[in-house]
2 protein chains.
Amino acid sequence: MPEGSSEQPKRPNRPTMRDVALLARVAPKTVSRVVNGVPTVDPAMAARVREAARKLGYRPNLTASSLRRGDGRTRSIGMLVEDAANPYSAALIRSVEDIARERGVLVLIGSLDEDPARERELAQEFIDRRVDGLVVVPAGQDQGYLRAEQQAGTCVVFADREPRLLEADAVVSDNRESAVTAVRHLMAAGHRRIGYLGDLASITTAAQRLDGYRHALEVAGLPVADALIRQDLTTEQAAVAATREMLALPEPPTALFTSQNLVTIGCSRALRELGMQDRVAMVGFDDFPLADLLRPGISVMAQDVEAIGTLAARILFRRLDGDRTPPATTVVPTRLIARGSGEIPVAAALAVPAAAVEPPAPEPPAAAARAEGALDV
Amino acid sequence: MPEGSSEQPKRPNRPTMRDVALLARVAPKTVSRVVNGVPTVDPAMAARVREAARKLGYRPNLTASSLRRGDGRTRSIGMLVEDAANPYSAALIRSVEDIARERGVLVLIGSLDEDPARERELAQEFIDRRVDGLVVVPAGQDQGYLRAEQQAGTCVVFADREPRLLEADAVVSDNRESAVTAVRHLMAAGHRRIGYLGDLASITTAAQRLDGYRHALEVAGLPVADALIRQDLTTEQAAVAATREMLALPEPPTALFTSQNLVTIGCSRALRELGMQDRVAMVGFDDFPLADLLRPGISVMAQDVEAIGTLAARILFRRLDGDRTPPATTVVPTRLIARGSGEIPVAAALAVPAAAVEPPAPEPPAAAARAEGALDV
DNA sequence: TGACGTCGAGACCACGTTGTCTCAGGTCGG
DNA sequence: CCGACCTGAGACAACGTGGTCTCGACGTCA
């Protein structure tokens, strides 16, 4: 039998300040000073300390440091998103990470899958590890459980969706107004029967987008038909099915507004499977990669995800730096990107009921791949 | 002026075990026992402690706990990926997170952007926070800098790419063999001039894929032409440009093998801009969302990202549980997914030099959206 | 040369928690 | 009825670090 056969994970013997101090023949406190770059240390002594640290492979323990330090900062923040694998969440994570990096702050990640219980559990886990702050895309309807943590000094900033029953900073898109813009864009192409395909009705932003859809129709004097509204589509498959069902109605919509990117993709897939992608107009909420490579390209209301993440992080750090101004919600503009699918005229849908004939492509030539975009609120 | 106007961020006064102990009239150690669920506590006393904790909003400080605890575990791991916003990295993060969650372990994220210096810096930052382990998609050519940390007890598992100059567990795809499969698939459609468009030559996996490409050609007795090999394409734009240039050669390739998903997308875009997407065959490495929605669908060698992440995490935790078997590399099978682009026959390219005539679509009908896949090594 | 000021290094302790030990009180067998 | 044994709660110290204070050495100037 070789040496050390103890099966239980024994504590790794990492060198500490004490070890470095012993080797450099100084007091531990002096090592601390050198590590923290305190200038009032004899250069020769500092060199000796650094040499000893190098020789031992010493690395400071930030865990212990933050415990003792006056500010108690751990130099880490927590981030709660819908799903780290979702392109929207992924982009958000990355932009927050970039701002955090500027300050040497690390980012902890948690995916919620729209589960309010997970939101609370993970928030608690982050807090138990004493993160300096949180960036949260809430899944639940009530963030009041965070009030005690705010008072205990943990800064919280919300991204994408505003908090409920809690006062805190938030960075969001104007979902309602953007939905209005999207629906009006479809109406401008002559559409009068416009379907709505949406995410979970309980998600604030989904509700706001539906509200915008309804409002746009009402202002235009068009009826809001229940048969043309489908919600709670949480998977691509559900969106495919809902699209098929809606288009099979006696009076099917000639255009669709999809309120989230999985839904948009599912809808797009259904239209292609039915061969109707050039006859039924569609505008989606949220941009996604390759939307411009499809034929027709998918017109979307694009959120500026990077801006949302960057702003949320900047606001969080401003708070951590002592900003005590009242919490505020920052609204980031969205942008309509016309790529073809949203500009299909109503005539295309009415011309051929269900034939195999391809209508002439109503999209701009391929050369103009990146289409123009109009700025909105 | 209100109260506490001290501008400097004062330490938040969070209740500690001592506070709970005082209120419950027990010793701090008893609170510790209750919090940790030690069964040898008088039930009445435990109830009193829990009530006091609830009343004060007490939350244990895992930072202090891990400092004092025998195993020194922080119940957090670090993950170094190429870019958290990239779909491949995002999927990897999510699958690691899911395994970690089962154990109440949180995940710290760091994006490297293929920068070896960042790899070392971030690994160091994670270690300074005493993560229990690391899952690394390395950017650099030498991971020897981690040897000391391994010996100090930090477990490291590599994902997607094997480590260099370091013995550690790794979970990877068989890149070389998969590239051979992809190229042979193109050869099966009659192609003899096959171009290679690849990522940074310094990335291990890119080199392996190029190697497989070369090997497949050599075995088939075909020449390996330098003009048909382009590397170091780090952006979609670079891939677009390289594709254009290669197709403008006097003897252009009739098929392309792209070694990474950004390159695949760039190549796809270039083909569409040239109107050649139905004449030049293409197989990409790495699957990506919407690859099946394009026309033709993009044929790919799909890596099983979820399996790679899940396995890497499981191996990491097995190590943390005390597994001391020698480090090993686990190979995860890839899968050829035929969607149309890879099955375009050589005849399509040779038929029409540069006309506007559309050849009959050589792809399967739209109904069979999810095409068949063959299993490989 | 001596009183004083300055400056840098170390002693000491606390941050919040838990491992270890002690000890009071109870149980049980001889 | 007493000693051995067990049970459960508290005292104490320590994890690795940094804030605070002390103290010796040195320099300055009268």
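The legends below describe close-up views of a predicted model. Local features need pLDDT of at least 70 and side-chain atom pairs count only at pLDDT 80 or more, while totals for chains, interfaces and linings use all residues; side-chain values use heavy atoms, with hydrogens and water left out. Residues are numbered from 1 along each chain as its sequence is written, and chains are lettered from A and ligands numbered from 1 in the order in which they are written.

**View 1. The protein surface near DNA strand C.**
DNA strand C is surrounded by 23 residues, a residue being near a molecule or strand if one of its heavy atoms lies within 4 Å of it. The closest are Thr30(A), Arg33(A), Arg68(A), Met17(B) and Tyr58(B). Of the atoms of DNA strand C that come within 4 Å of the protein, 63% belong to sugar and phosphate. Helices H2 (28-35) and H4 (62-68) of chain A, together with helices H2 (28-35) and H4 (62-68) of chain B, each supply at least two residues of this surface. Helices (H or I, at least four residues) and strands (E, at least two) are DSSP runs, numbered from the N terminus. By residue class, the surface near DNA strand C divides into nine nonpolar, seven polar and seven charged residues. In this scheme Ala, Val, Leu, Ile, Met, Phe, Trp, Tyr, Cys and Pro count as nonpolar, Asp, Glu, Lys and Arg as charged, and the others, Gly among them, as polar.

An N or O atom in the side chain of Thr30(A) is 2.4 Å from a phosphate oxygen of DNA strand C. From chain B, a polar side-chain atom of Ser65(B) lies 3.4 Å from a phosphate oxygen of DNA strand C.

**View 2. The contact between chain A and chain B.**
The contact (heavy atoms within 4.5 Å) takes 70 residues from chain A and 69 residues from chain B. The two chains bury about 6000 Å² between them, 52% of it on carbon and sulfur atoms. In chain B, Arg14(B), Leu106(B) and Arg129(B) lose the most area to chain A, together 12% of what that side buries. Buried area is the accessible area (1.4 Å probe) that two parts lose on being put together, summed over both.

**View 3. Ser76(A) in strand S1 of chain A.**
Ser76(A) belongs to strand S1 (residues 76-81) of chain A. At 7% relative accessibility, Ser76(A) counts as buried; buried means under 20% relative accessible area, exposed over 50% and partly exposed in between (1.4 Å probe, protein chains only). Its side chain forms a polar contact of 3.0 Å with the side chain of Thr74(A). Not counting residues up to four places away in sequence, Ser76(A) touches Val105(A), Leu106(A), Val131(A), Asp132(A), Gly133(A) and, from the other chain, Arg129(B).

**View 4. Two buried helix positions in chain A.**
Ser178(A) lies in helix H8 (residues 175-188) and is buried, with a relative accessible area of 0%. A polar atom of the Ser178(A) side chain lies 2.6 Å from the backbone oxygen of Asp174(A). Gly309(A) lies in helix H12 (residues 305-320) and is likewise buried, with a relative accessible area of 0%. Not counting residues up to four places away in sequence, Gly309(A) touches Leu92(A), Ser95(A) and Val96(A). The C-alpha atoms of Gly309(A) and Asp160(A) are separated by 8.7 Å, although these residues are 149 apart along the chain.

**View 5. Helix H5 of chain B.**
In H5(B), 12 of the 16 residues are buried, so the helix is largely enclosed by the rest of the structure. Among the buried residues are Tyr88(B), Leu92(B), Arg94(B) and Glu97(B). At the start of H5(B), a side-chain oxygen of Asn86(B) reaches to within 2.6 Å of the backbone nitrogen of Tyr88(B). Just after the helix, Gly104(B) takes a positive phi of about 70°.

**View 6. Helix H11 of chain B.**
H11(B) is mostly covered, with 11 of its 13 residues buried. The cover includes helix H5 (87-102), strand S6 (194-197), helix H10 (236-247), strand S8 (255-258) and strand S9 (281-285) of chain B. At the start of H11(B), a side-chain oxygen of Gln260(B) reaches to within 3.0 Å of the backbone nitrogen of Leu262(B).

Notes
A polar contact is a pair of N or O atoms within 3.5 Å; within protein, one must be able to donate a hydrogen and the other to accept it, and residues adjacent in sequence count only if both atoms are side-chain atoms.
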